[in-house]
Amino acid sequence: MDNFAKINFLGAAGVVTGSKFLIETSEKNILIDCGMFQGLKELRELNWSNLPVDVNNIHVVLITHGHLDHVGYLPRLLKQGFTGKIIGTAPTLAIAEIILKDSAKIHEEEAEKANKEKYTKHNPALPFYTIKDVEKTIQLFHVEIENKWITLSDHISYRFQYNGHIIGATFIELDINGKRFVFSGDIGRKNDYLLNDPKKPEWADYLFIESTYGNKLHPKDDIENTLSTLIHETIHKKGNLIIPSFAVERLQTLMYILWKLYKKNKIPNIPIFIDSPMGNNVLDVFNRFPEWHKLPMQEYQAMCDHINIIQSYKETWETIDDKRSKIIIAGSGMVTGGRVLTYLKQLIDAPSTTVLLVGYQAEGTRGRLLKEGAHEIRFFGKYYPVKATIKSIESLSAHADQQDLLDWMSAIKNIPEEVYLIHGEPSALDAFRVKIKDTLNWNVTIPKLTDVKKLMI
């Protein structure tokens with residue numbers, strides 16, 4: 001084997017989203033993750049460009065976990081000529097299938113709506129990809145188990161390792177010619193409501209680590225007390241508590257916390273509505289893979305029985321028309337699409353409404369605008385005044401904070417030759433770079449989008 005590895009930073013370099021890292025070697029070319037860019041318009045527009053590499057020469061895609069910013073570009077990869085295997089853990093590929101189908105449906109619906117109502121510059125507006133494209137993509141899915149070394153070629157092998165964050169999520173250890181490349185994916189947190197603690201890598205010659213919260217420590221909020229207070233205020237105002245939620249993990253965690261609060265008599269029997277077709281499908285993944293989470297199945301069933309799970313768009317409108325105070329949890333978490341838009345269009349101009357943001361809000365998203373105090377918000381070409389109370393809880397984040405990230409790195413026995421900080425906004429990346437340098441004195445690089453690093457191994 002020729003002693004080089006060429007790393008192409010095709011996404012999540014200098015930005016949070018669009019994770020894609022191509023490792024070219026003389027034996028195999030391996031793509032780690034294949035995500036969509038989200039947030040700012042100039043980033044989203046990058047999704048429409050072909051990758052600046054020969055996609056026909058990519059042999060395999062290894063997936064850390066099923067979030068859209070890690071799998072959402074896969075159908076476009078196929079359109080550009082990819083024919084190899086897409087490999088992940090069983091729950092990761094189950095989540096990826098749900099997310100890709102949901103994404104395709106939204107793309108198709110938005111293109112149709114834009115063409116019908118003529119609020120697009122494109123004639124005609126085209127979906128980013130279709131359900132048919134996703135079905136072709138799923139045919140390339142290939143399951144491998146966690147914590148087992150898999151041989152790719154004479155001098156290359158890889159292993160998935162449990163990483164918390166969402167069900168099925170892993171970090172990837174890739175051995176190339178005796179050198180260990182570690183791709184963190186998204187790192188979860190200790191003492192999660194639903195998931196076990198992340199494992200930690202013990203050796204890394206080249207470490208690629210996410211930095212989403214590289215400049216922050218999560219606040220030590222009393223989540224249950226905060227939610228309980230907001231719910232009692234909502235009842236007092238005779239209003240609605242709307243929680244835009246990520247369909248994977250966050251939604252199930254919120255369900256579990258609300259169920260616990262009810263069981264402890266900390267909240268009354270207020271109606272709780274879950275309106276996320278994708279979230280419902282993810283609940284089924286929890287049911288299918290009990291070994292990947294720590295929620296007892298008896299509790300899981302009781303929780304699902306307690307909560308109203310909306311099955312149709314007709315029920316969405318019935319819920320809006322329901323005059324009772326209620327809790328509505330609906331996708332999407334950054335208010336970029338999904339059912340939550342229907343509720344906010346109708347209810348965001350009511351002072352009795354409270355909107356609770358419960359996760360990371362990327363630049364350029366409606367969630368970020370609401371969090372920063374926007375007085376109006378735009379849905380489908382029209383502006384709506386924001387009269388609702390906007391609240392946020394950051395301590396529910398599924399991402400490790402700076403201290404968690406350092407702890408995750410603490411089991412590495414050697415000094416890596418290079419640490420690459422990825423998946424972060426510039427301020428987070430730079431703060432984390434300084435912290436690693438001061439704490440560990442390791443070599444740290446912050447790659448830019450489309451950078452190429454040739455490593456002699």
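In this predicted model, helix H4 (residues 90-117) lies across strand E5 (85-88) and strand E6. The helix runs at about 155° to E6.

Both strands belong to an open sheet of seven strands. The order is E6-E5-E4-E3-E2-E1-E22, and the pairing is mixed. Strand E6 (141-143) and strand E22 (452-456) stand at the edges. Each has a single partner strand, so one side of each is left without a neighbour in the sheet. Neighbouring strands of this sheet are turned by 25° against each other on average, direction ignored. Within the sheet, strand E1 (residues 4-11) pairs with strand E2 (residues 20-24). Their pairing is antiparallel and spans five bridges. Here Lys6 stands opposite Glu24 in E2.

In E8, Ile156, Tyr158, Phe160 and Tyr162 point one way. Ser157, Arg159 and Gln161 point the other way. Strand E7 (residues 150-153) pairs with E8 in the antiparallel sense over three bridges. The two strands form a hairpin, with two residues between them. Ser153 stands opposite Ile156 in E8. E8 also pairs with strand E9 (residues 170-176), again in the antiparallel sense, over seven bridges. In this pairing, Tyr158 stands opposite Leu174 in E9.

Helix packing was examined next. Two packed helices are described by the angle between their axes and the distance between the axes. The axes of helix H7 (residues 250-263) and helix H8 (residues 277-288) come within 9 Å. They cross at roughly 80°, which means that H7 is roughly perpendicular to H8. From H7, the contact involves Leu251, Gln252 and Met255. From H8, these residues meet Gly279, Val282, Leu283 and Phe286. Five residues of the contact are nonpolar, two are polar and none is charged.

Some residues of this contact also touch Met303. Neighbours within four places in sequence aside, Met303 is in contact with Gln252, Met255, Tyr256, Trp259, Leu283 and Leu295. Met303 belongs to the largest nonpolar core, which has 76 residues. Together with Leu74 and Leu77, Met303 is among the residues with the most contacts inside that core.

Methods
Residues are numbered from 1 along each chain as its sequence is written. This is a predicted model: local features need pLDDT of at least 70, side-chain atom pairs count only at pLDDT 80 or more; totals for chains, interfaces and linings use all residues. Side-chain values use heavy atoms; hydrogens and water are left out. Two strands pair if DSSP finds at least two bridges between them. Helices (H or I, at least four residues) and strands (E, at least two) are DSSP runs, numbered from the N terminus. Axes are lines fitted to C-alpha atoms, for helices over the stretch in contact, and angles run from 0 to 180 degrees between N-to-C directions. Contact means heavy atoms within 4.5 Å. A nonpolar core is a set of buried Ala, Val, Leu, Ile, Met, Phe, Trp, Tyr and Cys residues joined through side-chain atoms within 4.5 Å. Buried means under 20% relative accessible area, exposed over 50%, partly exposed in between (1.4 Å probe, protein chains only). Angles under 35 degrees count as roughly parallel, over 145 as roughly antiparallel, 65 to 115 as roughly perpendicular and the rest as oblique. Ala, Val, Leu, Ile, Met, Phe, Trp, Tyr, Cys and Pro count as nonpolar, Asp, Glu, Lys and Arg as charged, and the others, Gly among them, as polar.
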